[in-house]
Amino acid sequence: MTTPTLLVLDAEPLPRLGRLTGRARIEHADESTLAERLPHADVLLVWDFTSHAVRRAWPGEGPRPRWVHTASAGVDHLLCPELAASDTVVTNARGVFDGPIAEYVAGLVLAFAKDLPRTLALQRERTWLHRETRRVAGTRACVVGSGPIGRAVAGTLEALGVRTALVGRAARDGVHGPEDLDRLLARADWVVAAAPLTEQTRGMFDARRFGLMQPSAHFVNVGRGELVVEEALVGAVRERWIAGAALDVFTAEPLAAGSPLWELEGVVVSPHMSGDTVGWRDELAAQFVELYELWEAGRPLVNVVDKRRGYVPGH
């Protein structure tokens, strides 16, 4: 039996794949060599999940990997029409980031409610200024995106006493459909974007949607930067249409030094780190090895992406 060729689109540090020694011929590529090596690979591991190289290098007709796995929840960086139309199976890292991102969102909600950014700023100024802060329990949240991350965020906020509404692609038990979104935005204290990037969700948070929100509301984006029209968000915060925002993802990353978001009062900027906790890379590598063992044994893979929809269906 021929040993399968596993091609890794590299990023530092490299994944720990020792369990596959002797079971896969592991080769490595970067953006400059990916197109040349793709036709000779049986499996592609997109370890550099910030790269768009797969979209540029995918061979279309002819030999190509039978399976592509990305070490990320989102797949928008690699899906192209040729890959979507092929019989290649695509899987993602669903399940690794849910809890960490939910904790991150909860931390931001608590920080805003308890005015922690201002407390830290006043401390740096050595200013003693007593204030009253908000209770989190009893407030309302609208979480947009009903996949594992959105559900984890909703569950964590509910544990804090936040009344949470979850919005998905279609209405079902416990999930509101898109037709309810505007109504829910208008009454939410916390709006959390956790949706995948698709043609339906791109730019969904625009000036009209920010205009629906309460002046006391805060917006948190842990989904994809392109869910948001950034100019509209800047305007909404400047004009006090909303109280503030916390952004972990952006249209272009890293965020440009000249972006007004860096210094905009009421905005918290973090460098796409909400799901990255100590040991997260090892979890991603271990998850891939488990998937490889399923593939090697001819068993059905889990975390299979619907390439037409752009995410893993079923929830």
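**View 1. Strand S1 and its parallel neighbours in the predicted model.** In this predicted model, Val8 stands opposite Leu45 in S3. The two strands, S1 and S3, run parallel and are joined by 4 bridges. S1 also runs parallel to strand S2 (residues 25–29), to which 5 bridges join it. In that pairing, Leu9 stands opposite Ala29 of S2.

**View 2. The two faces of S1.** Which residues lie on each side of S1? Thr5, Leu7 and Leu9 are on one side, Leu6 and Val8 are on the other, and all of them are buried. Because 5 of the 5 residues of S1 are buried, the strand is largely enclosed by the rest of the structure.

View 3. H10 has 17 residues. From its first C-alpha to its last the helix reaches 24 Å, close to the 24 Å expected at 1.5 Å a residue. The buried residues of H10 are Trp280, Leu284, Ala285, Gln287, Phe288, Val289, Leu291, Tyr292, Leu294 and Trp295. An α-helix has 3.6 residues a turn, so residues three or four places apart point the same way. H10 is followed by Gly298, whose phi is positive, near 75 degrees.

View 4. The structure holds 9 aromatic pairs. One of them is formed by Trp67 and Phe288, with ring centres 5.4 Å apart and planes at 20 degrees. Why does this pair count as stacked? Planes under 30 degrees apart count as stacked, and the planes of Trp67 and Phe288 are at 20 degrees, so the pair meets that cut-off. The pair links distant parts of the chain, with Trp67 in strand S4 (residues 67–70) and Phe288 in helix H10 (residues 280–296), 221 residues apart. Trp67 is buried, with a relative accessible area of 0%. Phe288 also counts as buried, at 1% relative accessibility. Trp67 and Phe288 belong to one aromatic cluster with Tyr292 and Trp295.

**View 5. An edge-to-face pair, Phe210 and Phe219.** The ring centres of Phe210 and Phe219 are 5.3 Å apart. Their planes are at 90 degrees, so this pair is edge-to-face. Are these residues buried or exposed? Both Phe210 and Phe219 are buried.

View 6. Asp248 is found in the loop between strand S10 (244–247) and strand S11 (267–269). At 2% relative accessibility, Asp248 counts as buried, because the cut-off for buried is under 20%. The C-alpha atoms of Asp248 and Val269 are separated by 6.2 Å, although the two residues are 21 residues apart along the chain. Leaving aside neighbours within four places in sequence, Asp248 is in contact with Tyr104, Asn221, Val222, Glu253, Ser270, Pro271, His272, Met273 and Ser274.

**View 7. Polar contacts of the Asp248 side chain.** With which side chain does Asp248 make a polar contact of 2.6 Å? That partner is the side chain of Ser270. A further polar contact, of 2.8 Å, joins the side chains of Asp248 and Ser274. Ser270 and Ser274 are both among the residues in contact with Asp248.

Definitions and conventions. Residues numbered from 1 in each chain as written. Predicted model: local features only at pLDDT ≥ 70, side-chain atom pairs only at ≥ 80, totals over all residues. Heavy atoms only, no water. Phe/Tyr/Trp six-rings, centres within 6.5 Å; stacked < 30°, edge-to-face > 60°. Buried < 20%, exposed > 50% of the residue type's maximum accessible area, 1.4 Å probe, protein only. Expected span 1.5 Å × (residues − 1). Contact = heavy atoms within 4.5 Å. Polar contact = N/O pair within 3.5 Å; in protein donor to acceptor, adjacent residues only side chain to side chain. Pairing = 2+ DSSP bridges.
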